[in-house]
Amino acid sequence: MKAFFSRLFQFSAIYTCFLSLLWLAKYGMGLSDYLIPSPVEFLNTIQEDGLDYVAYSLNTLSVAVLGHIISILLAGSISILGSLKSTIGTVTRVAAYNLQAYPIVAVSPIIFIFLGDGLASRLLIAAMICYFPLLLSLLGIFSQPVEDVEHFFVETGKIHHRLKLTIRLFENLKKLLTVLTGSATLAMVGTIVAEFLAATAGIGHAIKIALYQDNLARILLALLLIGICSSVYLAAIEILGEVVSRNLQKD
Amino acid sequence: MRIISLIFCIFCIIVSFSGCTSDEKTARPKVEVQPVVLRLKWLVNVSAAGEIWALKHHIFEANGLHVELKEGGLEHNAIKDLELGRAQFGVASADQVIRAVEKGADIVVLAQIFQKNPLKWAYDASKLHIQGPQDLKGLTVGITYGGNDEAVFRALMAKYGLSKEDIRLYAVRQDYTPFWNGEAQLWPVYSNVEGLVLAQKMQEHGKRLSFFDPDAFGVHLVANSLITSRRIYEAQPELVQNFTKALLQGWSQVIEPQNELEAAQAVHEFDNSLDIKLIRQQLAATRELVTTDTLPIGTIDKAAWKESEEIMLQQGLISKPVGIEGVLKDSLR
């Protein structure tokens, strides 16, 4: 629970500073409510659109969680394939790096042609955006030998590829959990990008509408909710990671 | 030795000529030009043909202005730039102006560039026959949620008693795939720009494009208009007059049929993604939007602005009337 409150407190502090600076600039420079909404307008927006926006954010969060799980599976599979020293491994590594080199806005029309603008596209784009840091870390972990431990199995002739991967995964568990937590933020960002490009649901879609309507108050509300959702999700992963690592160490 | 003398002679000639030019330059009276930034509503294309023409033919300079054209977009809004002092003039549509005025933006409208709104809905005329709004029943129509096309289409639906059960609305995105696939039978386009690009592509595929025009059925939402801040309007009337005059002169000349080829070439220099032939077609279509039979170019259609305000009120896009008449300043008349 401490992790939840700590994350939420950190976000609240940053968001409050951001809003204060924004309003300081607004009143200092004498800018209209059109450019930067007043605190009263912001509060009115929370009152009028708050519930809808909470629903949009939860929708986005649920897709982000699913997308994150897919990206972990994707990165895990590709990095296991990529850790092989055969041609398959080399081809997989090259394909994985190349795929990431293309900006998602350029690839998205192809995704939308085949998958439409529903849930599947949002999931795939979210997974594509957050899988690369995971992939890099996993490739690093899987291809870096843990000499102290592996040496024993090499000498006894019991070493095989699966055992090597298990040793490396276990020895780098903390590093892996940090990367997983970091990529969770990207999963949220990826889902919002997908919704912004083409979707009829989620907070990204709501942000696009607010942008068309020059409604910064709604965008500020969206940022608040995105921050809360991200903080909660990150805290959840951290807690889960701690539980898993504690159980593994017990065993 | 002879070569050295020859080089020396050439050097002397160059120096003496450059000296003459320099003297001539200093002798010529310096014309003071005022730097001005114009933020467009969208990308530089045929909808900014008048601005491009005025720039190319030094009409702005003749009026003592050095104008820099800047592209607009979702994040580059002319009204915001005016308030932040990053631009002196801008192009915006009625929905943008009305929304901004409601929230306290102090801006004025100087001229209305488009007398008719180019926003129309494209459809395949080889499959559909749409005579009026009632023919839209049972069809799927693309709209940009939050965009001005949503306001226009919902106003049309309200005016002709069409409900959600009659028409299925489809969320528009940047590519035309849903339109090509037939998922949406009507797709919003700017008829003078992407409408004609789409028409060309459809023709190549044996289809025939036609437009459904809400304007023809009494739904008027004013499009591209010239705006400035009230601060500039009041403090620098001469600048405002000169700029408006130069811009409208640019538009008057660019839509002349005899200037079409030259105008297309000028637009092509800014947007070379389209061929000159297509830009000429776009210019012809733009001519229909800019001119009327009776009114001079740039005339502000006050009734249409009031109707735009009413549409936005009905659609809940503004919470109260903004008194749009107070913002309309026909600075040249």
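How are α2(B) and α11(B) oriented to each other? The first legend below gives the answer, and the other legends treat further views of the predicted model. Residues are numbered from 1 along each chain as its sequence is written, chains are lettered from A and ligands numbered from 1 in the order in which they are written. Because this is a predicted model, local features need pLDDT of at least 70 and side-chain atom pairs count only at pLDDT 80 or more, whereas totals for chains, interfaces and linings use all residues.

**Figure 1. Helices α2 and α11 of chain B cross within 10 Å of each other.** The axes of α2 (residues 49-56) and α11 (residues 260-270) of chain B cross at roughly 95°; the two helices are therefore roughly perpendicular to each other. Helices (H or I, at least four residues) and strands (E, at least two) are DSSP runs, numbered from the N terminus. Axes are lines fitted to C-alpha atoms, for helices over the stretch in contact, and angles run from 0 to 180 degrees between N-to-C directions. Angles under 35 degrees count as roughly parallel, over 145 as roughly antiparallel, 65 to 115 as roughly perpendicular and the rest as oblique. From α2(B), the residues B:A49, B:I52, B:W53 and B:K56 meet B:A263, B:A266, B:V267 and B:F270 of α11(B). Contact here requires that the C-beta atoms of two residues, placed from the backbone, lie within 7 Å. Seven residues of this contact are nonpolar, none is polar and one is charged. Ala, Val, Leu, Ile, Met, Phe, Trp, Tyr, Cys and Pro count as nonpolar, Asp, Glu, Lys and Arg as charged, and the others, Gly among them, as polar.

**Figure 2. Helices α2 and α3 of chain A pack at an angle of about 135°.** The axes of α2 (residues 39-82) and α3 (residues 87-101) of chain A are 7 Å apart, and the helices are therefore oblique to each other. Helix α2(A) contributes A:I78, A:L81 and A:G82, while α3(A) contributes A:I88, A:G89, A:T92, A:R93 and A:A96. The contact comprises four nonpolar, three polar and one charged residue.

**Figure 3. Strands β8, β5 and β9 of chain B form an open sheet in that order.** The pairing is antiparallel, and two strands pair if DSSP finds at least two bridges between them. Strands β8 (187-190) and β9 (209-212) are the edge strands, each pairing on one side only. From one strand to the next, the twist averages 45°. Four bridges join β5 (residues 119-124) to β8(B), and B:A122 has B:W187 as its bridge partner in β8(B). Helix α8 (residues 194-204) of chain B lies across β5, β8 and β9, running at about 120° to β8(B).

**Figure 4. Domain 1 and domain 2 of chain B meet.** Domain 1 covers 34-116 + 222-327 and domain 2 covers 119-217; these bounds come from an automatic or database domain assignment. The domain centres, taken over C-alpha atoms, are separated by 25 Å. The contact takes 18 residues from domain 1 and 14 residues from domain 2. On the side of domain 1 that touches domain 2, α12 (276-290) and α13 (302-314) each give two or more residues, and the largest share, six residues, comes from α12(B).

**Figure 5. Chain A touches chain B.** In this interface, 18 residues of chain A are in contact with 20 residues of chain B. On the side of chain A, α4 (104-115) and α9 (203-212) each supply at least two residues, and α9(A) gives the largest share, four residues. That side has eleven nonpolar, three polar and four charged residues.
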